[in-house]
Amino acid sequence: MLAYLIRRLGQSVLVMSVMATIVFFGLYMVGNPVDLLINPEDDLAAQEAAIARLGLDQPILVQFWHFLQGVVQGDLGTSFVHNQPALELILSRLPATLELAAFAMLLAVIIGIPLGMFAGLYPKSPVSKGIMAGSILGFSTPNFWQGLMLIMLFAVFWRVLPAGGRGETAELFGIPFSFLTLDGLQHLFLPALNIAIYKISLVIRLSQAGTAEVSLQDYVKYARARGLSTRRIVGTHILKNILIPIVTVLGLELGSVLAFAVVTETVFSWPGMGKLLIDSIGLLDRPVVVAYLMLTVFLFVVINLVVDLVYSLLDPRIRTKGKNA
Amino acid sequence: MTQPVLSVRNLTTEFHTKAGIVRAVDGISFDVGPGEVMALVGESGSGKTITGFSIMGLIDEPGKVVDGEILLNGQNLRGMSEKKLQGLRGDRIAMIFQDPMMTLNPLLRIEEQMVETVLAHRDVSKARAREMATEALALVGIPSPAERLRNYPHEMSGGMRQRVVIAIALMLEPDLIIADEPTTALDVTIQSQILSEMQKLMAERNTALIWVTHDLTVVAGLAHKVAVMYAGRIVEYADVDPLLDQPIHPYTSGLISSIPSSVPRGQTLRQIPGMAPSLLNLPKGCSFQPRCFAASEQCGVSRPDETNVDGVRRYRCHNPLEVA
């Protein structure tokens, strides 16, 4: 297990450094942040002083060297725009995205699994056909369009939910969260639903396919032959057996929501990490973009580790294999 | 005669498929008394497994029991509400499946699967249910049963798993056990152990047993009665000894002489030519007629009715073999 962990960490460090390098040079080629950051009204000396302060007067390789020196010391650089350490800036936006992602995942699970299992158990019912058709719609319509439609319906036509922003927040462990206030929850619902629609569709299809397959297994018929209630058979015998692929996909999806909730956060002006990333790319705020993507890789590594651990909780056969290895 | 535990009358089960109606079980009747073992013998596709599932009420779409009565202790199971049937399954009628590797849920401990079965039928505490499970495991000869309860199915061998399944079947002392080729997937030594244990337990507890099998060698030492099935019908039914010694139906005779030990070494085994017919497209007249060595013209014209020999033994054949 320890060897496995070390190997995984080694891999992720490699991925992080390769990615940091590519992004660092990539952004250098996109444009010169100086053009955006320097006040053109200033006199030449002041401009040059400002450029020197950001370290942008150095050749790119020297800048990269300074960046690497910082990274080893745990300093991912300081935002050009906000004049604040990049990592700190990102982490200050993390809670907003985190609660958005968590809420969306929750919706995906509590809506997707029951609907999918229903469709798997009663494939001929018109309700099931409706569920499956709906899931295709959820898959295939673009995310931003779904967001706009949600705003149209709930905020413009029916005026029941706010169109954007984070609403009132309350602090938990010193971190502001929206889900702790009613106003915050109302603000949270639409963007979370917007992210969740695709995931719900995904979970529906996975649960449906899994249920249809598992229902045919001998052990399900045997459970019926023992006189177990339908509730017990579906809720324990079938559910446990379909969870593994769902957990895998949800893990990956959680990572991608945390990292790239960009579209939804933009549509609903939700002040999360995704919005920060888009703004930073627009302003060529290189330290923020690089730090952001490194954090993203880190998140994916952690989530995948957790998913692997959850596997062994779900399936005893995987546990035994681990012991032998 | 004591009242039979199970009395099946004219049971007919059909599958309505796109290709047509398949009559998998075609008007079969038999009784099984307490402590009695009946072997249901036939080739693959003869309808013996479907008979078992029909009795359990576990026929799924597109299949349906379309006719007949299934009386368990005089109570008709056919037309009984699903709720009531659910209460009987696992409690009064237990079933043992063919492949022990596939029968137990791989993600649940043996304990959980046994305890849930008890709790589905008995109003007892979890601790008591666990005790009953331990006792049942000990009964079927599983060493250190309390520890075995903590195992997952994949931590046990096939023979062990089948013992667990048998233990679950016996645990609530049912009136009837339907065993669907329970030893086919096991190797021969384990097979004979399990056979003799089952036989002993059935006799001790006066449980009725239907043993579904394609293997006549198993039947001799185990069963009291034998029903031979072909294409959904019982073609011959008799006490075990007369049936094996002097088969009346040519099909029974063919089955017996295809057992390797039935002929002297070096002599070619007699086999039944051809294959079991597709139920979608049964031959005219007697279903067995194209493969039968005794077939006459009449066999291709009309289906043989049942002939009752002596109140017990019966057969369906136009040209029965001579009984000395």
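The model is predicted, so every value here is computed from it.

**Overall form**

Let us start with the whole chain. Chain B is built from 11 helices and 12 strands. Its C-alpha atoms fill a box of roughly 65 × 50 × 45 Å along the principal axes. How does the radius of gyration of chain B fit with that of a compact globule? For 324 residues, a compact globule would come near 20 Å, and chain B has 20 Å, so the two agree. Among the 324 residues of chain B, 44% count as buried. Contacts across the sequence matter for this picture too: of the contacts in chain B with a separation of 6 or more, 65% join residues 24 or more positions apart.

**The sheet**

Next comes an open sheet of eight strands in chain B, with mixed pairing. The order of its strands is β6-β7-β8-β3-β9-β10-β12-β11. Which strands of chain B stand at the edges? They are β6 (93-96) and β11 (307-308); each has a single partner strand, so one side of each is left without a neighbour in the sheet. Inside the order, β7 (residues 176-180) and β8 (residues 208-213) of chain B pair in the parallel sense, over five bridges. Here B:Leu176 stands opposite B:Ala208 in β8(B).

**Where chain B meets chain A**

Chain B also has a partner: 24 of its residues are in contact with 18 residues of chain A. Three helices of chain B, namely α2 (82-88), α3 (100-103) and α4 (110-121), each supply at least two residues of the side that touches chain A. The largest share, four residues, comes from α4(B). The table sorts this side of chain B by class.

| Class on the side of chain B touching chain A | Number |
|---|---|
| Nonpolar | 12 residues |
| Polar | eight residues |

**A closer look at B:Val140**

B:Val140 lies in the loop between α5 (126-139) and α6 (145-148) of chain B. Is B:Val140 buried or exposed? It has 22 C-beta neighbours inside 10 Å, and the cut-off for buried is 20 or more, so B:Val140 counts as buried. Leaving aside residues up to four places away in sequence, B:Val140 touches B:Arg163, B:Ile166, B:Ala167 and B:Glu197. B:Tyr152 is 12 residues from B:Val140 along the chain, and their C-alpha atoms are separated by 18 Å.

Technical notes. Residues are numbered from 1 along each chain as its sequence is written. Chains are lettered from A and ligands numbered from 1 in the order in which they are written. This is a predicted model: local features need pLDDT of at least 70, side-chain atom pairs count only at pLDDT 80 or more; totals for chains, interfaces and linings use all residues. The radius of gyration is taken over C-alpha atoms; the globule rule is 2.2 Å times the number of residues to the power 0.38. A residue is buried if 20 or more other C-beta atoms lie within 10 Å of its own, exposed if 12 or fewer, and partly exposed in between; C-beta atoms are placed from the backbone. Two residues are in contact if their C-beta atoms, placed from the backbone, lie within 7 Å. Two strands pair if DSSP finds at least two bridges between them. Ala, Val, Leu, Ile, Met, Phe, Trp, Tyr, Cys and Pro count as nonpolar, Asp, Glu, Lys and Arg as charged, and the others, Gly among them, as polar.
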